[in-house]
Amino acid sequence: MKITMKAALLAATLTVLSAMPAQAQQVVTASVNARAGLAPLTSVVCDDVNFGVWRVPVRATGGTSIVTLTVSANTAAGVTTAAVTGNTSNVAVAGGYIAPTAATCVVSGATNISTTLPTAISNNIGLSFGSSTHESLRAPPTLATLSANLSLAGTGVVVDSLGAGAFRVVGVLTIPQAINAVNYGGYRTSNAATVSVTDAL
């Protein structure tokens, strides 16, 4: 009799428990993204060598005119000087345009810091010119046979503690002896020279 009473009590308890509602649950979510990037260890970016705009008379004699760019220092702060030799008769920098300026090459992200990295230039000799709208000038109806040799203004580039630095590219422009009115206008080299910076890993 006692066993029967206990069994009945247990059965009643289980019945009550099974009849109780389950505890409510709440599920919330959030999103998680991941980001990553790739960058070169070292990069170098250069602007163009600007030989300027030169007043040259129509001519058939006297030889070529040679414009040589030099800088006071192989840094971004170096001041450019332009000198003309050869046929200098009535040849001068034209007013109202940006003055002749050496190119500036900017190095960033160098692994080796506070040091001088080697630099080099190639494909830089005998560059020919095509037409352009340099200084908003018109494209020449007939191209004059301009040519340029580009060179580095110094040896190496000094990079600071952040791995950054700058160096300059100068050059020599040859203006041909024969100049006609149809040659006046804007010019840009048809092919670019290549500069390189060596940074050990």
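**Strands, loops and a pocket**

Mentor: Start with Ser196, which is placed in strand β14 (residues 194-197). This is a predicted model, where local features need pLDDT of at least 70, side-chain atom pairs count only at pLDDT 80 or more, and totals for chains, interfaces and linings use all residues. Residues are numbered from 1 along each chain as its sequence is written, and side-chain values use heavy atoms, with hydrogens and water left out.

Trainee: What separates the C-alpha atoms of Ser196 and Ser122?

Mentor: Along the chain, Ser196 and Ser122 are 74 residues apart.

Trainee: How many helices and strands does the protein chain have?

Mentor: Helices (H or I, at least four residues) and strands (E, at least two) are DSSP runs, numbered from the N terminus. On that count the protein chain has 1 helix and 14 strands.

Trainee: What share of contacts between residues at least 6 apart in sequence joins residues at least 24 apart?

Mentor: Take contacts in the protein chain between residues at least 6 apart in sequence. The share that joins residues at least 24 apart is 79%.

Trainee: What percentage of the 201 residues is buried?

Mentor: The accessible surface of the protein chain is about 12700 Å², with 59% of it belonging to carbon and sulfur atoms. That area comes from the Shrake-Rupley method with a 1.4 Å probe; for residues, only the protein chains shown count as cover. Of the 201 residues in the chain, the buried share is 29%.

Trainee: Which residues lie closest to the centre of the largest pocket?

Mentor: A pocket, on a 1 Å grid over the protein atoms alone, is an open set of points where a 1.4 Å probe fits, with protein on both sides within 12 Å along at least five of seven lines; lining residues have an atom within 4 Å of a point. The largest pocket holds about 870 Å³ of space, a volume filled by probe spheres set on the points, which are joined across faces, edges and corners. Of its 37 lining residues, the closest to the centre are Val49, Phe51, Phe129, Tyr187 and Arg188.

Trainee: How many residues of that lining are nonpolar, polar and charged?

Mentor: β2 (54-55), β9 (127-132), β12 (165-175) and β13 (186-189) each supply at least two lining residues. Ala, Val, Leu, Ile, Met, Phe, Trp, Tyr, Cys and Pro count as nonpolar, Asp, Glu, Lys and Arg as charged, and the others, Gly among them, as polar. The lining divides into 25 nonpolar, 8 polar and 4 charged.

Trainee: Which side chain meets Arg188 in a salt bridge?

Mentor: A salt bridge is a side-chain nitrogen of Lys or Arg within 4 Å of a carboxyl oxygen of Asp or Glu. The structure holds 1 salt bridge. The N to O distance to Arg188 is 3.1 Å, and the partner is Asp48.

Trainee: Where is Asn87, and is Asn87 buried or exposed?

Mentor: Asn87 sits in the loop between β4 (80-86) and β5 (92-93). Leaving aside neighbours within four places in sequence, Asn87 contacts Arg59, Thr61, Gly62, Gly63, Thr64 and Ser65. Its relative accessibility is 8%, so Asn87 counts as buried.

Trainee: What is the phi of Asn90?

Mentor: Most residues other than glycine have a negative phi. Asn90, in the loop between β4 and β5, is exposed at 57% relative accessible area. Its phi is positive, near 60°.

Trainee: What about the phi of Glu135?

Mentor: Glu135 is in the loop between β9 and β10 (147-152). Glu135 is partly exposed, with a relative accessible area of 22%. Although Glu135 is not a glycine, its phi is positive, at about 55°.

Note on methods. Buried < 20%, exposed > 50% of the residue type's maximum accessible area, 1.4 Å probe, protein only. Contact = heavy atoms within 4.5 Å.
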